[in-house]
Amino acid sequence: MAEKLPSGGAGPDGTAFPEGVPCWVDAQLPDVEAGRRFYGALFGWTFEEAYGSSVWARLDGEPVAALVRKRDGRMPTVWTVYFATPDAAALAEGIRAAGGQVVIPPTPVGGLGTMALTADPEGAVFGLWQAGTHPGFAKRHEPGTFTWSELYTRDTAVADAFYTGLFHDALFGPGAVPDFGRAPIEDVFPAEMPPHFLVHFGVEDAAAAIEAVGRLGGRVQVPPFEASYGRVAVVTDNQGASFALLQR
């Protein structure tokens, strides 16, 4: 039977996002139904069956994220940020040439687009998304939606050189308003934590959101702290996937 593809969803300007802009997030979970209950109660998301074993999360009817069932229990339970590109194959080659890795090569996802999973020179994993019928977020930068992604790294000079080379225009071009930053791991996490991207979702009231996370079976990983981009708390859901709550 053909897979059902979710309807619509367009970027904020109705087109694909510029290269290097975070355009989508998904969570790899062992139990998608449990994820639906957790995030539906936390953020007010509703859900629609999507491609394969995934569901789309919607807020006010607009796509904001996906939950995907892990096919292999050895895979991490994790939120992944995807950066937009008009050519996933070319960008994947650029990542290799710059010292990164291609974990999953560019792969079509029905008519929705093409995805790839890559890693920077320190091993922080991120996705690439080449839009087809699905440009990415239709809502962002508001409560219950993607608001920021922070790269926690051991060597900020290496990270600066790598990502500036890949996404210079998105970070520094005319009118650029970056949706991700970077910080040393030890600023927030124990030194043994591996480099990683941390997806942030906006909330109106961080204290109330933290209380809801605990009530729903999640936990606080890092208590609230002040960052240059807002008040942040790092939490995990009821299956162990880490993400951040961001109050601005």
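**Entry 1. Residues with positive phi**

I began with Asp60, which sits in the loop between E3 and strand E4 (62-69). Helices (H or I, at least four residues) and strands (E, at least two) are taken as DSSP runs, numbered from the N terminus. The model is predicted: local features need pLDDT of at least 70, side-chain atom pairs count only at pLDDT 80 or more, and totals for chains, interfaces and linings use all residues. Residues are numbered from 1 along each chain as its sequence is written, and side-chain values use heavy atoms, with hydrogens and water left out.

Asp60 is not a glycine, yet I found a positive phi of about 55° for it. Its relative accessible area is 64%, and Asp60 is therefore exposed; the classes are buried under 20% relative accessible area, exposed over 50%, and partly exposed in between (1.4 Å probe, protein chains only).

I then looked up His141, another residue other than glycine with a positive phi, here near 60°. His141 belongs to the loop between E8 and E9. With 38% relative accessibility, His141 counts as partly exposed.

**Entry 2. Salt bridges**

The criterion is a side-chain nitrogen of Lys or Arg within 4 Å of a carboxyl oxygen of Asp or Glu.

Which residue forms a salt bridge with Arg58? The partner is Glu48, and the closest N and O atoms are 2.7 Å apart. Arg58 is in strand E3 (residues 54-59) and Glu48 in strand E2 (residues 46-49), so this pair ties together parts that are 10 residues apart in sequence. I checked the accessibility of the two residues: both Arg58 and Glu48 are buried.

Because Arg96 and Glu93 are 3 residues apart in helix H2, about one helical turn separates them. Arg96 is partly exposed at a relative accessible area of 41%, and Glu93 is partly exposed at 46%.

The salt bridge of Asp179 with Arg140 has its closest N and O atoms 3.0 Å apart. Asp179 is in the loop between H3 and strand E10 (180-184), and Arg140 is in the loop between strand E8 (125-131) and strand E9 (146-153), so the pair ties together parts that are 39 residues apart in sequence. Asp179 counts as buried, at 5% relative accessibility, whereas Arg140 is partly exposed, with a relative accessible area of 23%.

I also recorded a network of salt bridges that links Glu33, Arg36 and Glu49.

**Entry 3. Helices H2 and H3**

At what angle do helix H2 and helix H3 pack? Helix H2 (residues 88-97) packs against helix H3 (residues 156-172) at about 155°, and their axes are 11 Å apart. H2 is therefore roughly antiparallel to H3. Axes are lines fitted to C-alpha atoms, for helices over the stretch in contact, and angles run from 0 to 180 degrees between N-to-C directions. Angles under 35 degrees count as roughly parallel, over 145 as roughly antiparallel, 65 to 115 as roughly perpendicular and the rest as oblique.

I listed the residues where the helices meet: Leu91, Gly94 and Ile95 in H2, and Phe162, Leu166 and Phe167 in H3. In this contact of H2 with H3, 5 residues are nonpolar, 1 is polar and none is charged. Contact means heavy atoms within 4.5 Å. Ala, Val, Leu, Ile, Met, Phe, Trp, Tyr, Cys and Pro count as nonpolar, Asp, Glu, Lys and Arg as charged, and the others, Gly among them, as polar.

Ala89 is also in helix H2. Ala89 is partly exposed, with a relative accessible area of 42%. I noted a C-alpha separation of 8.5 Å between Ala89 and Ala116, which lie 27 residues apart along the chain.

Is Thr153 buried or exposed? Thr153 is buried, with a relative accessible area of 1%, and it lies in strand E9. Leaving aside neighbours within four places in sequence, Thr153 has contacts that include Glu122, Ala159, Arg182 and Pro195.

Arg248 is in the segment after strand E14 (242-247) and counts as exposed at 58% relative accessibility. Leaving aside its neighbours within four places in sequence, I found Arg248 in contact with Thr147, Trp148, Tyr229 and Gly230. From C-alpha to C-alpha, Arg248 and Pro143 are 9.7 Å apart in space, although 105 residues separate them in sequence.
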